[in-house]
Amino acid sequence: MSLLPAKPRVRESFERAAASYDAAAIVQRQVGEYLLAKFDPHPAPTDLLDAGCGTGYGARLLRARWPLLHVTAVDFAVAMLATARRDADLCLAADIEALPCRDETFAAWWSNLTVQWCDFDQVLGEARRVLRPGGRLAMSTLGPDTFDELRQAFAGVDRHRHTLSFSEPAAIGAALTRAGFADIRLHRQTISVHYPDLKTLLRAVKAIGANSVGDGARSGMLGRNAWQRVQAAYEQHRTSAGLPARYDVILAYARK
């Protein structure tokens with residue numbers, strides 16, 4: 001069984017989500033800000049590849065820090081790139097596992113909440129290839145506690161997968177080492193976003209395109225009784241702020 005959803009299915013999800021993405025991507029923006037806050041390369045980069053750029057928020061964030069930065073934005077969802085073009089210097093419709101870029105092109109490689117959809121070894125091998133010697137990597141992804149409440153709620157109802165399988169920090173560090181990176185730093189923190197009910201929570205996940213989970217996913221709708229059981233199970237996690245969606249965020253930094 002594949003732990004990753006098929007690429008065409010992921011691309012289709014993000015193509016559909018392009019129009020709703022910016023309004024719904026609260027966590028993605030927050031994680032991008034966290035990622036940048038701990039990213040302090042010296043000297044400041046003159047050029048950077050934004051791997052999995054989405055609608056271009058990363059480019060806006062990075063340019064606010066380094067106004068003269070030349071940003072090459074890469075995403076395989078063309079509808080996302082249509083928006084990113086407003087903020088990036090160059091947009092490439094491509095898979096970040098196979099970048100259409102020459103070796104040793106960039107001073108920095110940045111990726112915000114994208115690599116969880118990919119083969120880590122392929123992505124990081126490409127990142128190292130396109131970085132110049134001494135180039136810096138900054139990457140955020142999600143750890144195994146992400147959507148834990150959702151997994152628990154569905155566990156008593158069926159045996160289907162309802163979330164991606166996210167990697168432990170040790171596995172991310174090992175992948176960076178295998179790719180040949182040095183000065184590896186990992187940081188982990190939790191972000192919780194609260195919603196009034198489960199339907200609103202699931203709509204928010206779908207609005208950012210993050211609803212493909214690979215083999216083992218349910219192919220049809222839950223019955224009414226099963227849905228009520230899921231809702232009741234999730235209600236056990238309710239706080240005064242609402243129903244939580246937990247994001248186990250891992251920030252990674254390294255040098256070529």
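Residues are numbered from 1 along each chain as its sequence is written, and side-chain values use heavy atoms, with hydrogens and water left out. Because the model is predicted, local features need pLDDT of at least 70 and side-chain atom pairs count only at pLDDT 80 or more, while totals for chains, interfaces and linings use all residues.

**Backbone features**

Let's start with the loops. Helices (H or I, at least four residues) and strands (E, at least two) are DSSP runs, numbered from the N terminus. His-42 and Pro-43 are joined by a cis peptide bond, with omega at about -5°. Pro-43 sits in the loop between α2 (26-37) and β1 (47-51).

Leu-113 is not a glycine, yet its phi is positive, at about 50°. This leucine is in the loop between β4 (106-112) and α5 (120-130). Phe-147 also has a positive phi, near 60°, and belongs to the loop between β5 (131-142) and α6 (148-155). Buried means under 20% relative accessible area, exposed over 50%, and partly exposed in between (1.4 Å probe, protein chains only). Leu-113 counts as buried at 10% relative accessibility, and Phe-147 counts as buried at 9%.

**Helix α5**

Now for the helix itself. Phe-120, Val-123, Leu-124, Glu-126, Ala-127 and Val-130 are buried in α5. They cover an arc of only 155° around the axis, so they lie on the same side of α5; the arc is that of the directions from the helix axis to the C-beta atoms. Among the elements covering these buried residues are β4, β5 and α7 (169-178), where contact means heavy atoms within 4.5 Å.

**Aromatic rings**

The structure holds four aromatic pairs. Rings of Phe, Tyr and Trp (its six-membered ring) pair if their centres lie within 6.5 Å; planes under 30 degrees apart count as stacked, over 60 as edge-to-face and the rest as tilted. Two of the pairs involve Phe-39:

| Pair | Centre to centre | Angle between planes | Kind |
|---|---|---|---|
| Phe-39 and Trp-66 | 6.0 Å | 85° | edge-to-face |
| Phe-39 and Trp-110 | 6.4 Å | 45° | tilted |

Phe-39 lies in the loop between α2 and β1 and Trp-66 in the loop between α3 (57-65) and β2 (70-75), so their pair ties together parts that are 27 residues apart in sequence. Phe-39 and Trp-66 are both buried. The pair with Trp-110, in strand β4, links parts of the chain that are 71 residues apart, and Trp-110 is buried too. Ring pairs link Phe-39, Trp-66, Trp-110 and Tyr-253 into a cluster.
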